[in-house]
Amino acid sequence: MPRDRSTPTRHTLATAALCLMAPLAATPALAKTLVYCSEGSPENFTPALNTTGTSFDAARPVYDRLTHFKRGSTEVEPGLAESWTVSPDGRTYTFTLRKGVKFHAVPGFTPTRDFNADDVLFSFERQWKAEHPYAKVSGGKYDYFADMGLKDDLESLEKVDAHTVKMVLKKPNVTMLPNLAMDFAAIHSAEYADALAKANRKEQLDQVPVGTGAFRFVVYQKDAVIRYKAHPVYWGEKAMVDDLVFAITPDATARYAKLKAGECHVMGYPRPADLAEMKKDPKLQVTSMPGLNIAYWSFNTTKPPFDKKEVRQAFTMAIDKAAILRDVYLGAGTSAKNLIPPTLWGYNDKVAEWPHDPAKARDLLAKAGVKTPLEVDLWYMPVQRPYNPNAKRMAEMMQADLAKIGVNAKLVTYEWGEYRKRMQQGEHMTGMLGWNGDNGDPDNFFFLHGCDAARPGGQNLSKWCHKPFDERLEKARSLTDNKARAKLYEEMQAIERDEAPDFKIAHSVVFEVLRKEVTGYKQSPFNTHQFNGVSLK
């Protein structure tokens with residue numbers, strides 16, 4: 001999927017939790033321990049504060065949401081809300097909450113009550129109300145909530161009784177139920193938050209998490225390992241192993257070595273060059289699916305000369321996309337011409353792909369009054385992502401292409417958390433990122449070009465606020481007829497093509513690799529990694 005906050009510091013971890021630290025087992029063959037070789041460290045364990053799949057994955061075992069996605073599917077199912085009703089005007093959602101749902105215990109906190117409406121109000125009001133006692137804790141930036149327009153669109157949130165919550169919107173939003181299944185909508189324990197506030201330890205809420213999920217948090221050793229235990233009284237699809245371990249392994253080659261050695265059971269983000277060998281190994285199973293994703297190169301429209309669409313078009317035509325697909329993706333990706341992938345409804349296949357035409361690109365720069373040589377920066381990600389297997393190599397190829405039209409591109413990168421933070425603030429002139437879909441609705445991609453997300457710190461990295469596009473985005477949210485919505489999305493894709501706020505690179509095929517003894521694992525269309533229901537032979 002973007003998607004960020006500052007890295008947590010060690011002192012925010014509870015001392016008691018640290019006492020539980022145990023060495024990572026060298027052999028996952030130990031009974032009922034499942035080890036996932038993850039690609040990076042979480043920023044914290046509160047999804048509302050984050051925008052990266054890495055942090056979402058680390059928090060997902062702990063939390064539930066009012067609605068959720070059926071594992072391995074885009075289908076929305078009841079979650080902590082066992083049912084709901086929607087008013088005829090599409091503005092009021094009334095949720096009936098499950099009874100008897102138990103929160104986890106962590107060192108220093110044992111819950112005295114079950115999940116109820118107070119927990120729902122706490123979890124959303126923290127993101128919505130500036131005066132909330134937890135609003136500014138851990139940085140206090142809730143990018144999903146703000147960029148999707150919920151901060152302005154939510155009219156009221158009411159506790160009807162202990163097991164009923166009413167949510168009223170200022171205008172209809174048909175994307176609400178899948179939105180509430182996203183990670184930012186995770187439900188926290190208000191009782192735990194109150195206890196931490198009284199102890200003057202509010203930041204612990206985001207570092208030692210308490211939820212109702214299939215696994216309870218045990219300990220996080222920064223940049224090394226996260227340990228979880230099965231929640232024995234989980235209300236939903238239960239954990240089939242006793243222990244879950246995230247072995248944090250940023251290097252893809254190292255993850256592969258651990259998988260082959262039996263030091264982990266599941267790994268994501270394999271190097272494309274390793275896939276042929278992996279498929280031949282009788283101890284491994286390789287799964288894949290077309291990614292609900294996009295890799296793009298953003299042009300900051302607030303910085304000249306990228307405030308002119310002719311310049312953005314010129315940069316788009318300067319890049320040899322076919323070479324990138326061949327040499328970086330190694331065939332595990334398809335050319336992107338729209339923000340949404342062709343597997344998503346509302347896709348406009350009539351939009352024409354921009355040609356690779358350096359001569360035309362030079363002419364457009366000249367007509368836009370741009371003198372060459374032109375100096376720009378080109379930011380590239382320091383890490384491998386599912387939508388971009390090698391951003392540095394891609395940047396070097398782009399740099400060479402730009403030189404052919406008289407543009408000198410300075411390559412820039414930062415530590416991953418700092419990179420995203422600076423990009424969202426709009427410090428770059430041009431920069432790479434990408435997106436993994438969260439909920440299977442086109443709105444979940446198009447909001448990335450909406451005016452709400454163009455704010456400093458928002459996820460619209462081009463800072464492109466275009467009224468004709470934004471009006472269609474808002475209107476589509478209010479329509480219940482998907483054919484009418486699809487027509488608006490098709491028009492929006494045509495607008496994007498002409499305005500070129502970014503260079504759309506590729507939709508990747510997403511691969512995951514498991515040891516043969518893993519059973520019950522389902523690859524997610526959202527590139528999430530979920531381990532309840534997963535077992536070992």
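A: What follows goes through the cavities, then the pocket, and then the helix pairs. The model is a predicted one, and everything below should be read with that in mind.

The largest cavity has a volume of about 140 Å³. Its lining is made up of 14 residues, and those that lie nearest the centre of this cavity are Pro 270, Pro 272, Pro 386, Pro 389 and Val 509. Strand β18, which covers residues 502-515, gives the most to this lining, with four residues. When the lining of the largest cavity is sorted by class, it has eleven nonpolar, two polar and one charged residues.

Strand β18 also has a part in the second largest cavity, where it supplies the largest share of the lining, three residues. This second largest cavity has a volume of about 110 Å³ and is lined by 13 residues, of which Thr 316, Ala 336, Lys 337, Trp 354 and Lys 504 lie nearest its centre. Helix α18 (482-499) and β18 each supply at least two residues of that lining. By class, the lining of the second largest cavity has five nonpolar, one polar and seven charged residues.

The largest pocket has a volume of about 780 Å³. It is lined by 39 residues, and nearest its centre lie Pro 250, Pro 382, Val 383, Gln 384 and Arg 385. The elements that give two or more residues to the lining of this pocket are α2 (53-59), α9 (252-261), α14 (391-403) and α15 (416-425). Divided by class, the lining of the largest pocket has 16 nonpolar, ten polar and 13 charged residues.

Another pair to look at is helix α11 (residues 309-318) with helix α13 (residues 358-367), which pack at an angle of about 160°, their axes being 8 Å apart. That angle makes α11 roughly antiparallel to α13, and α11 passes α13 in a left-handed crossing. Here Glu 310, Val 311, Gln 313, Ala 314, Phe 315, Met 317 and Ala 318 in α11 meet Pro 358, Lys 360, Ala 361, Leu 364 and Leu 365 in α13. The contact of α11 with α13 has nine nonpolar, one polar and two charged residues.

Finally, the axes of helix α3 (residues 117-128) and helix α7 (residues 190-198) come within 8 Å and cross at roughly 65°. In this contact Asp 118, Asp 119 and Phe 122 in α3 meet Ala 190, Glu 191 and Ala 193 in α7, and the residues divide into three nonpolar, no polar and three charged.

Key: Residues are numbered from 1 along each chain as its sequence is written. This is a predicted model: local features need pLDDT of at least 70, side-chain atom pairs count only at pLDDT 80 or more; totals for chains, interfaces and linings use all residues. Side-chain values use heavy atoms; hydrogens and water are left out. On a 1 Å grid over the protein atoms alone, a cavity is a set of points where a 1.4 Å probe fits but cannot get out, and a pocket is an open set with protein on both sides within 12 Å along at least five of seven lines; lining residues have an atom within 4 Å of a point. Grid points are joined across faces, edges and corners, and a volume is the space filled by probe spheres set on the points. Ala, Val, Leu, Ile, Met, Phe, Trp, Tyr, Cys and Pro count as nonpolar, Asp, Glu, Lys and Arg as charged, and the others, Gly among them, as polar. Axes are lines fitted to C-alpha atoms, for helices over the stretch in contact, and angles run from 0 to 180 degrees between N-to-C directions. Angles under 35 degrees count as roughly parallel, over 145 as roughly antiparallel, 65 to 115 as roughly perpendicular and the rest as oblique. A crossing is left-handed if the near helix is turned anticlockwise from the far one by less than a right angle, and right-handed if clockwise. Contact means heavy atoms within 4.5 Å.
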